[in-house]
Amino acid sequence: MKKFIAIITKELRMLLRDKIGLSILFIMPLVLIVVMTVIQDAAFHSISEEGVPLVFVDNDKDSLGISIGNGLKESTLCAFSDQIDGKPATAETARAAVSEGKFMIAVIIPEHATQKIRTSVEGLVEETMGLSEIGEIRHYVDSVEILMYIDPVAKNSIVVTVTSNLHEFIAAMKTKLMFETFSEQIGEIVPDGVSKPSNAYAKTQIVSYKQEYASKLEGGVTPNAVQHNVPAWTIFGIFFIVVSVVSNIMKEKKDGSAFRLHTMPTSYSQLIIGKLIVYVTVCTLQFFAMMLVGVYFMPVLGLPALDPGDSYVGLFFIGISTAFAATSFGVLIGTVAQSEQQGAILGSLSVLLLSALGGIWVPAYVMPGVMRTISEFSPMNWAMDGFYKLLFRGEGFFSTFAPGMKLIALSFVFLLGASLFNRYKKRA
Amino acid sequence: MEQPIIQINDLKKTYAGALEPSLRGISLQVKSGEVYGLLGPNGAGKTTLLSILCGVVAPSSGTILYRNHPISGNIRQLKQEIGVVPQDIALYPTLTARENLEFYGAMYGIHGADLQSKIQFWLDQFELSHAANRRIDKFSGGMKRRINLIASIMHNPQLLFLDEPTVGVDVQSRTKIMDQLVELNKRGMTIIYTSHHLAEAENFCDTIGIIDAGTIIASGSPNVLIEQTPGARDLEDVFLALTNRKLRD
């Protein structure tokens, strides 16, 4: 026990005197969390609040053009404009403006679009109601073509969202015109005194939908940049302990301390456990610091506060098991690496790779099938799973048991690998 | 000089992937209380031999007896009774001298007041008390060498391995280190010593073993080796005569 205390004291002293190392361990992950969350939040807001910059050209000047224009104006998705440099936009100027990057999308409603739809709908109604004379059945085709110019740098998801909104407006407009035409035709054939269909269409919405997040958290949970990014970048920050652990082990190898320690009556496992205790504690402190930043500092920046969920025990468990996995991985890399440079590169690159595979940068569910399968084997993915269960799904401690135990089991695999490699080196 | 403390018989070592063996069947014995000098050119196998003797590297074959018992079955006890002074300054540069000694002392199982009194004793012996609370990275080369030595003798080992303990230090520090080593030997500590400082070895060692290409090519007291080598006036002449002048890069 006294040896453990001596090892822990030594590691703590070295850590506390390494100011740059300490700042890397604590300040950098905090800065990373804040920066990434603010950036992600800004990106989210630029689309959802300020909207996609869109220029609208209405050559129709009738129901369809007015309806789509009003719809786009009211939509939070778009930053609507029908002018370019103070002049009414035309198809030509709109195209030029989009190509110059002034707008992301231009929507051009062609001339007589409403009239074409109306004529088409009238023909369909007459045909349906048998009002057309024999031999006069006309085949009206909805040939209205709405032109869109799209900035090549625009993300496909944004384009799809805007076009689906347009489809919705057009479909609503077409239904409305059809309803109006039906009303007029029916009005012409029903006898006087019988009530005609009112213009009820505009007042009722037969089908509506309600959106609710399926979470067990009291009062529900609203996904936002903080709730998504703080746990993700916390995991990433914790795993960067690998670089510090590798550096610590490599320095001992380089200056001969490791050799001297091997000549002493102290086992390899005692030395490693001493390191693990210190670095897992550091990681756990890092974790709490990052959670506190999420809860208390994010609102200072005008961002939503992190909702830490209902299970602090679960949060601690998943935090400490992530810390254990990260530190053990550092021990393995530090043991296997042959030089400080090799260890630093191997450590940082492997963390980046694991984070990419684990869904830190891009959610795993948007990855291709093979990558999604690989992602399921990334310890960062397990940690994310644990955090998401607590922070989004509102589940309790027991839900973190599976991902936490996977992380702990993997930690023992890493340590066993390091121990076996150490024995191999002695015999080699 | 009594019973052998270390007996090595036909010790061989070939590292994985190496084309040549590092040790090709070393046999020697070191008596208790003796100062045994292991001399040889670079790459001769000195460090490999020391690494095997102190339990850091496993031999490919051969036997090593420590106090007539194979070390393989009793490595923990061996490590408690030996001290190793590596050629590198194997100290933590950001820790003070006292903190380094506290840590290494604790690794030998010395704690509390006993540890503190031992640290103070050796700091006084090596005239380093004034710098006890100074970080190692602020020390001169000679001071580092002295702390490097103290870290390995605080637990009063029976057998001390010294790998070039005075390399790169000034005359004053070297004299202080050698005086203390002579004193330790007088008190019964067996020393196995490697150095390229042949005059120092000639004065310090009771027995010299000259190793080259993984084999002991000569052994005996310095005087006997000098007498047996035609034209040799000192150990350096003996060394050059036996290992020749070819560079070992």
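How many residues does the contact take from chain A and from chain B?

Analyst: This is a predicted model, where local features need pLDDT of at least 70, side-chain atom pairs count only at pLDDT 80 or more, and totals for chains, interfaces and linings use all residues. Residues are numbered from 1 along each chain as its sequence is written, while chains are lettered from A and ligands numbered from 1 in the order in which they are written.

The contact takes 22 residues from chain A and 26 residues from chain B. Two residues are in contact if their C-beta atoms, placed from the backbone, lie within 7 Å. On the side of chain A that touches chain B, α1 (2–17), α9 (257–262) and α15 (401–427) each supply at least two residues. Helices are DSSP runs of H or I with at least four residues, strands are runs of E with at least two, and both are numbered from the N terminus. The largest share of that side, 7 residues, comes from α1(A). By type, the side of chain A that touches chain B divides into 7 nonpolar, 5 polar and 10 charged residues. Here Ala, Val, Leu, Ile, Met, Phe, Trp, Tyr, Cys and Pro count as nonpolar, Asp, Glu, Lys and Arg as charged, and the others, Gly among them, as polar.

Now the partner, chain B. Its secondary structure comes to 9 helices and 10 strands. The radius of gyration of chain B, taken over C-alpha atoms, is 18 Å. The globule rule (2.2 Å times the number of residues to the power 0.38) gives 18 Å for 249 residues, so chain B is as compact as a globular protein of that length. Its C-alpha atoms fill a box of roughly 50 × 40 × 40 Å along the principal axes.

Chain B has an open sheet of 4 strands, in the order β2-β1-β4-β5, with antiparallel pairing. Strands pair if DSSP finds at least two bridges between them. β2 (23–31) and β5 (69–70) of chain B stand at the edges, each with a single partner strand, so one side of each is left without a neighbour in the sheet. Further in, β1 (residues 4–13) and β4 (residues 61–66) of chain B pair over 5 bridges in the antiparallel sense. There B:I6 stands opposite B:Y66 in β4(B). Helix α1 (residues 46–53) of chain B lies across β1, β2 and β4 of chain B. That helix runs at about 120 degrees to β1(B), with axes fitted to C-alpha atoms, for helices over the stretch in contact, and angles from 0 to 180 degrees between N-to-C directions.
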